[in-house]
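Colleague: I am new to this structure and would like a short tour. Could we begin with the terms and then go through it together?

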Amino acid sequence: MISYNFDYKVASSMEEAFSMLAEAGDDASFIAGGHSVVPAMKLRLSEPSTLIDISKVPGMSDISQDGDTVTIGGLVTHAEVASSDVVNNACPGLAECAGVIGDPQVRNKGTMGGNVAHADPGSDYPGALVAFGATICLASASGSREVSAEDYFTGLFETAKEDDEMVTAVKVPASSASAYAKFPNPASRYAVVGVGVSLNMNGGSCESASVGVTGAADHAYRASGSESALAGSDLGDDALDAAASAAADGQDMMSDLAASADYRAHLCGVMLKRAVAAAKARA
Ligand SMILES: Cc1cc2nc3c(=O)[nH]c(=O)nc-3n(C[C@H](O)[C@H](O)[C@H](O)COP(=O)(O)OP(=O)(O)OC[C@H]3O[C@@H](n4cnc5c(N)ncnc54)[C@H](O)[C@@H]3O)c2cc1C
């Protein structure tokens with residue numbers, strides 16, 4: 001497909017990126033890994049007049065841990081998350097999630113910030129970040145703020161992020177008993193349904209559970225009915241069946257060529273059981 005004419009600028013600092021954005025006007029767009037914005041431009045779903053390359057902005061490419069909190073910079077690639085010792089030790093479910101995104105090319109170019117900014121309904125991170133109680137760190141020329149992942153993903157490609165804000169980092173609480181299970185679209189590898197689970201175990205008993213679902217509805221959601229069914233249980237068959245059957249409760253399942261609404265609801269339960277089994281094995 002032949003592209004249209006657009007301006008391309010490279011920001012060398014966050015401040016410069018914000019001033020370039022203000023100067024270029026409303027239809028300018030940041031570009032990081034380019035693995036969502038470029039396909040959208042090729043399909044004419046998006047036609048930014050200016051692309052502002054933020055991939056060289058310093059201070060957003062690191063993974064660090066402070067106590068029980070892992071901070072992943074907005075420019076950290078999916079491959080870096082998947083292979084990070086810090087993430088694998090503190091939150092193995094998130095490393096697992098990053099490792100099943102797309103293919104090696106996507107994982108080596110796509111970034112955490114770009115993924116959560118784009119908020120594709122089939123993206124993997126949203127389900128995991130909602131389940132693991134993550135916080136999205138945002139900054140603009142006028143300051144910075146933090147939004148819980150649960151409040152951040154609000155609709156189809158819609159988030160709590162304002163147009164002039166950058167995703168600078170994502171903070172994830174440590175959760176050793178965490179897992180992510182996904183039923184991938186066989187062509188794109190996006191999640192038809194993906195489920196993140198974090199368990200708080202006391203011996204063989206599950207004191208509490210957190211469950212996030214992506215790909216099923218128009219944005220990632222917490223499956224609170226499933227969480228209630230798992231909490232206080234021994235994660236036996238009855239609790240798992242109850243949690244699985246509640247995984248789509250209260251949500252409008254999407255229906256498309258990949259899966260009908262009924263099949264997606266079924267997959268929510270199947271992926272939930274797989275994620276619980278993997279998380280339990282890590283407890
Ligand atoms: C073939 C293919 C398969 C894929 N499969 C999957 C999959 O299985 N699972 C999955 O989750 N994703 C998948 N993706 C998407 C991939 O993860 C993208 O890399 C990611 O969604 C966007 O990250 P990016 O860095 O490439 O962002 P870009 O494409 O550079 O940007 C995307 C959007 O986010 C904005 N943006 C970028 N960075 C920031 C930032 N730090 N702050 C604010 N706004 C920002 C841009 O302005 C743009 O609007 C796939 C993509 C392709 C091409």
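Modeller: One term first: two residues are in contact if their C-beta atoms, placed from the backbone, lie within 7 Å. This is a predicted model, in which local features need pLDDT of at least 70, side-chain atom pairs count only at pLDDT 80 or more, and totals for chains, interfaces and linings use all residues. Residues are numbered from 1 along each chain as its sequence is written.

Colleague: Which residues is Val 197 in contact with, leaving aside its neighbours within four places in sequence?

Modeller: Val 197 is in contact with Ala 131, Ser 178, Ala 179, Ala 209, Val 211, Leu 272, Ala 275, Val 276 and Ala 279.

Colleague: And how many residues has the largest nonpolar core?

Modeller: That core has 88 residues, and Val 197 and Leu 272 have the most contacts inside it. A nonpolar core is a set of buried Ala, Val, Leu, Ile, Met, Phe, Trp, Tyr and Cys residues joined through C-beta atoms within 7 Å; buried means that 20 or more other C-beta atoms lie within 10 Å of the residue's own. Helix α12 (residues 261-282) gives the most to this core, with seven residues.

Colleague: What does the domain assignment give?

Modeller: The assignment, which is automatic or from a database, gives domain 1 (7-53) and domain 2 (77-283). Their centres, taken over C-alpha atoms, are separated by 27 Å. Eleven residues from domain 1 and 14 residues from domain 2 take part in the contact. Helix α1 (residues 14-24) supplies five residues, the largest share of the side of domain 1 that touches domain 2.

Colleague: Now the ligand. Which residues come nearest?

Modeller: Of the 31 residues around the ligand, those are Gly 33, Gly 102, Gly 110, Gly 113 and Gly 114. A residue counts as near if its C-beta atom, placed from the backbone, lies within 6 Å of the molecule.

Colleague: Where does the largest share of that shell come from?

Modeller: It comes from α7, with five residues. Both domain 1 (7-53) and domain 2 (77-283) give at least three residues to the shell.

Colleague: Finally, how many helices and strands has the chain?

Modeller: The chain has twelve helices and 14 strands, which are DSSP runs numbered from the N terminus (helices H or I, at least four residues; strands E, at least two). Its C-alpha trace spans about 60 × 45 × 30 Å along the principal axes. Of the 283 residues in the chain, 46% are buried.

Methods
A residue is buried if 20 or more other C-beta atoms lie within 10 Å of its own, exposed if 12 or fewer, and partly exposed in between; C-beta atoms are placed from the backbone.
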